[in-house]
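Visitor: Before we turn to particular features, could you show me how each kind is read, and then take me through the case at hand?

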There are 2 protein chains.
Amino acid sequence: MQDLKDTLVRVGCLALVTLMLAVQAEAAVVSYDWNVDYMNAAPDCVQKLVLAVNGQFPSPTIRAVEGDTVVVQVTNHIPTEGVSFHWHGIHQRGTPYYDGAAYVSQCPINPGETFTYRFKVDKAGTYFYHGHFGLQRSGGIYGSLIVDLPAGKKEPFSYDAELSIILNDWWHKSVYEQELGLNSVPFKFVGEPQSLLIEGRGRYNCSLLPQNATTAPPGCLVCNSTDPRCAPHVLPVTPGKTYRLRIASVASLSSLNFILEGHKMTVVQADARNVQPFVVDNLDVYSGQSYDVLFTANQDASKNYWASINVRGRKPATPTGLAILQYLPNPANLLPTTAAPVSPVWNDTATSVALAKKIYANVDCEASPPKKSHRTVVILGTQNNIEGRIKWALNNISYVHNPTPVLAALKYKIRGVIDAAPPPNSPVKNYDVYSPPSAAFRNASYGSPVYIFKKDIVVDVIVQNANTLSTPNNSEIHPWHLHGHDFWVMGYGDGLFDLKKDVASFNLVDPPLRNTVAVFPNGWVAIRFVADNPGVWPFHCHVEPHFYMGMGTVFAEGIHKLPSLPKETLGCGLTKRRL
Amino acid sequence: MQDLKDTLVRVGCLALVTLMLAVQAEAAVVSYDWNVDYMNAAPDCVQKLVLAVNGQFPSPTIRAVEGDTVVVQVTNHIPTEGVSFHWHGIHQRGTPYYDGAAYVSQCPINPGETFTYRFKVDKAGTYFYHGHFGLQRSGGIYGSLIVDLPAGKKEPFSYDAELSIILNDWWHKSVYEQELGLNSVPFKFVGEPQSLLIEGRGRYNCSLLPQNATTAPPGCLVCNSTDPRCAPHVLPVTPGKTYRLRIASVASLSSLNFILEGHKMTVVQADARNVQPFVVDNLDVYSGQSYDVLFTANQDASKNYWASINVRGRKPATPTGLAILQYLPNPANLLPTTAAPVSPVWNDTATSVALAKKIYANVDCEASPPKKSHRTVVILGTQNNIEGRIKWALNNISYVHNPTPVLAALKYKIRGVIDAAPPPNSPVKNYDVYSPPSAAFRNASYGSPVYIFKKDIVVDVIVQNANTLSTPNNSEIHPWHLHGHDFWVMGYGDGLFDLKKDVASFNLVDPPLRNTVAVFPNGWVAIRFVADNPGVWPFHCHVEPHFYMGMGTVFAEGIHKLPSLPKETLGCGLTKRRL
């Protein structure tokens with residue numbers, strides 16, 4: 001089967017070339033009219049105020065064809081909050097001002113304002129979008145963005161039909177209370193999520209049910225509320241058919257492990273990029289990542305099955321998130337009589353690392369990296385305590401947003417927005433990544449650093465994980481996301497990165513292209529990208545409270561080529577002007 | 001005693017003139033540095049997220065001397081919400097852009113921005129300030145603003161010392177949930193307040209205790225929580241001394257009746273304007289109003305007494321709000337053994353009207369009105385149902401904020417912000433104010449009307465109350481507040497205002513000057529002012545959800561004399577500019 005897949009890959013990807021010109025001519029404009037407002041939702045049967053687009057939670061799905069221009073007109077009806085929308089994985093080539101990161105690429109959209117995003121989707125695949133201001137992603141603003149191949153182009157894999165789910169974790173406390181807790185002295189952590197959501201549906205009432213409770217009454221595995229808003233999501237399949245399942249995670253905090261009970265999954269894409277297909281029983285999906293997997297409905301067709309997510313990387317205190325894999329014509333409410341699927345133990349890091357290292361690019365479809373880089377930046381991510389506040393910092397700087405967009409500051413040379421001094425290229429030598437930070441790294445400083453890269457150079461970024469403030473050998477998983485780019489994942493390692501030794505271990509042949517990659521506890525991950533997209537691009541931990549607490553920075557490139565900025569992206573901070 | 005007061009008045013006010021020039025030379029700049037952020041507060045022992053200034057609830061008191069310039073530098077640390085501050089009662093002569101009404105006089109202050117208000121306080125008295133964006137006043141942003149007479153100037157009354165309280169009503173639901181409910185189809189009313197606050201302290205646990213329960217255990221009359229944030233406010237007095245008590249109400253919804261148990265109060269100022277002193281046992285304070293009363297601590301000095309507030313005008317479902325009038329040297333926690341004071345029955349409108357009609361200007365200190373007006377506007381306030389949403393409208397238009405400040409729209413002639421057609425000068429004739437609105441008035445339209453007045457003309461505004469949507473003879477009290485001006489209260493009446501007959505009844509001699517006046521159920525109130533303050537001035541019901549639901553409009557005058565607008569007030573809506 002693997003050989004067959006490889007053949008398909010070559011046929012599919014090589015066939016693309018001849019059709020390219022014809023396809024581009026057909027590009028269309030796909031328009032959406034969105035109204036953002038508060039709404040009551042009850043995704044796990046507990047009602048909560050959420051931010052919603054057009055009264056939907058999750059937000060509506062965007063669907064376009066490769067080469068199309070997507071136009072999203074957003075009107076903000078929230079009484080006093082600004083908003084912004086980030087199109088996660090879309091490169092915004094030529095339109096860096098529509099990347100949607102508040103105070104980086106644009107001013108937030110004020111209450112009452114209408115703002116029109118307009119961008120090209122230049123590569124088919126599974127994407128998503130979400131709020132990118134404060135904790136508004138956790139607040140409810142997220143949805144799928146699916147880009148199809150145009151007629152005449154083929155994926156390097158085949159399937160009969162497709163399904164799509166977005167994963168999330170969920171709290172009952174408002175994001176306003178969560179934000180306050182994160183800023184408080186002492187720090188008040190909201191705690192582990194109350195529930196895990198598959199396509200906006202979860203369960204809460206059975207929170208204390210152990211994951212492996214085989215004697216659990218089936219009625220306790222799903223919400224038995226009569227509220228249709230919290231009925232489990234259903235994935236209907238026809239026996240014998242093969243499905244492409246699009247999986248994305250916008251989780252606020254949790255690393256999630258996905259299982260399709262009784263079914264093997266063949267991973268074919270990661271972050272909308274083709275990978276060498278490999279088969280898994282379960283799949284780690286970090287926040288900010290997407291995977292496309294194939295599975296065949298080849299099990300006992302008299303039953304339905306669980307689709308499930310469990311927390312990994314943090315000691316779970318949340319019941320398994322469940323959806324129903326419905327074998328047609330069984331009814332959707334024919335619940336599996338089995339217990340919820342059990343994921344690998346939460347702190348079995350080795351299994352997670354092994355999975356990450358299984359991912360290779362399908363080099364028939366995807367480019368290999370340049371053999372050398374022009375610049376290497378080592379970014380050490382530490383947990384800090386600044387004047388009693390728990391923060392995260394990169395090379396000792398905890399990122400703070402200024403109310404002037406970084407893009408405007410660079411384009412128009414506005415002083416006092418980004419740090420005057422370039423941020424450190426690397427941390428101190430011999431940093432002990434297995435112990436809590438020393439005083440110097442514990443007391444990081446606040447800043448707004450921007451790494452400025454010459455246009456078109458090849459950049460290596462080493463993200464170096466470190467120990468938390470608590471006890472030795474305590475380190476968290478951080479999924480790192482880069483805006484405006486896909487990057488090659490050149491390698492992973494344990495402990496402190498060694499520039500001489502570890503660069504030699506980089507995979508120069510078939511490293512996967514991604515936009516989000518996990519750095520594992522006490523280890524490092526190396527990425528490489530070409531700085532060929534004029535703009536300013538946040539590079540940050542996709543755990544929303546971590547970025548909120550400073551774990552991010554901004555990359556800038558091609559500043560002299562930056563386009564003129566639409567006035568609707570301006571008006572805040574130092575971009576106000578007299579009339 | 002009344003004669004003595006009258007004498008004092010004349011002496012005090014006449015003495016002012018000779019000192020004026022000397023005083024003005026001494027004007028100072030009084031500066032405040034404020035940080036706005038979320039905070040947890042428990043004003044009635046139930047913790048809730050509030051908006052707070054410098055970690056204080058209520059917000060800090062501003063204290064300045066007549067003629068001073070107050071400078072308030074506000075930095076907004078709220079993660080995603082804009083804010084604005086309205087200085088209630090301050091005329092902002094020459095600085096209309098610092099009036100603080102979001103989307104009328106300025107853009108909201110974005111998260112992360114610093115905005116500096118700078119305005120002159122040109123008349124001594126009891127003022128206050130509050131948030132003026134969405135429901136942010138209910139959200140927690142409010143505080144006292146007290147302007148003292150300069151050395152050498154005397155009030156027309158005398159006292160030994162002073163005390164100050166701000167009254168409010170309080171809900172446990174977040175203002176975000178309240179806003180969602182107000183916008184929902186069907187309408188979801190948050191219900192009557194959980195507690196009433198005196199200087200930010202209230203009680204909740206004994207909500208079901210009847211107001212007149214003489215057998216109630218004293219421990220149930222105040223919060224017996226150990227949380228010091230909800231201990232009752234204390235007003236310490238020395239036996240035998242006379243006090244000036246400053247009372248202001250920022251209530252979201254409730255009309256409040258204030259009682260100082262066992263003590264008579266002499267009202268000497270209303271909305272910072274001198275009135276002919278009169279004695280009361282209890283005092284109605286409508287939201288947006290302030291009163292200065294004198295009382296003498298002449299009761300049994302071995303006891304402490306209640307200061308209390310009860311709801312009037314709506315069927316109360318909230319326990320009496322209580323503070324402690326402490327007779328020194330009794331300890332503050334020596335609780336009165338008496339039941340909470342009982343206010344007049346909530347629907348005894350006659351008593352409220354009678355009190356309102358007792359208020360006359362002290363004409364030795366305050367100007368009489370011009371004898372005639374140049375323009376009369378009759379504003380009919382109705383409750384409406386627009387496409388399933390409950391709204392309030394004036395002359396059939398329910399006010400909607402545009403994200404471009406009205407001030408900028410008029411100053412820079414920006415089209416599409418305010419309604420192109422002038423709003424109606426008067427409603428239809430023979431409107432039945434005792435019945436629910438007919439279809440035409442039920443289905444009001446949305447709009448952004450601005451009444452434009454020629455500079456320096458004398459304007460009469462008749463606010464005509466009407467029946468609610470529910471049943472005949474059902475009508476609410478609305479306290480009407482005008483920014484940028486004090487107005488004379490020319491008269492009150494029942495039923496439909498009759499232009500010919502009722503104008504003849506106006507008090508041309510000693511009507512009180514105010515900035516907020518109540519219109520009573522099914523009746524009207526007439527006010528007169530001189531349009532001599534170039535700017536744009538909201539005129540709206542001070543019940544915060546009512547204005548939120550459209551019960552307001554904007555008056556503009558002296559447009560050709562409008563000053564240039566500081567750029568920090570711009571940047572939203574159509575005031576964005578290319579750089």
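Guide: Let us begin with aromatic pairs: rings of Phe, Tyr and Trp (its six-membered ring) pair if their centres lie within 6.5 Å, and planes under 30 degrees apart count as stacked, over 60 as edge-to-face and the rest as tilted. By that rule the structure holds 67 aromatic pairs over all chains. This is a predicted model, in which local features need pLDDT of at least 70 and side-chain atom pairs count only at pLDDT 80 or more, while totals for chains, interfaces and linings use all residues; side-chain values use heavy atoms, with hydrogens and water left out. Residues are numbered from 1 along each chain as its sequence is written, and chains are lettered from A and ligands numbered from 1 in the order in which they are written.

Visitor: Which kind of aromatic pair do Trp34(A) and Phe85(A) form?

Guide: A pair of aromatic rings is described by the distance of the centres and the angle of the planes. For Trp34(A) and Phe85(A) these are 5.5 Å and 55°, which is a tilted pair. Helices (H or I, at least four residues) and strands (E, at least two) are DSSP runs numbered from the N terminus; Trp34(A) lies in strand 1 of chain A and Phe85(A) in strand 5 (residues 85–88), so the pair ties together parts that are 51 residues apart in sequence.

Visitor: What is the area buried between chain A and chain B?

Guide: The size of an interface is often given as the accessible area lost when the parts come together. Buried area here is the accessible area (1.4 Å probe) that two parts lose on being put together, summed over both, and between chain A and chain B it is about 3700 Å², of which carbon and sulfur atoms give 59%. With contact meaning heavy atoms within 4.5 Å, 39 residues from chain A and 39 residues from chain B take part. Two salt bridges are counted between the chains, including the one of Glu113(A) with Lys576(B), whose closest N and O atoms are 3.6 Å apart.

Visitor: How are the two copies related?

Guide: Copies are superposed by least squares on the C-alpha atoms of residues with pLDDT of at least 70 in both. Chain A can be laid on chain B with an RMSD of 0.0 Å by a turn of 180° and a shift of 0.0 Å along the axis; the copies are thus related as by a two-fold rotation axis. Moreover, 100% of the interface residues of chain A are also interface residues in chain B, so the copies meet through the same surface.

Visitor: Where is the residue Asn54(A) found?

Guide: Most residues other than glycine have a negative phi, and most peptide bonds are trans. Asn54(A), in the loop between strand 2 (48–53) and strand 3 (62–65) of chain A, has a positive phi near 50°. In chain B, a cis peptide bond with omega of about -10° joins Phe57(B) and Pro58(B).

Terms used: Salt bridge = Lys/Arg side-chain N within 4 Å of Asp/Glu carboxyl O.
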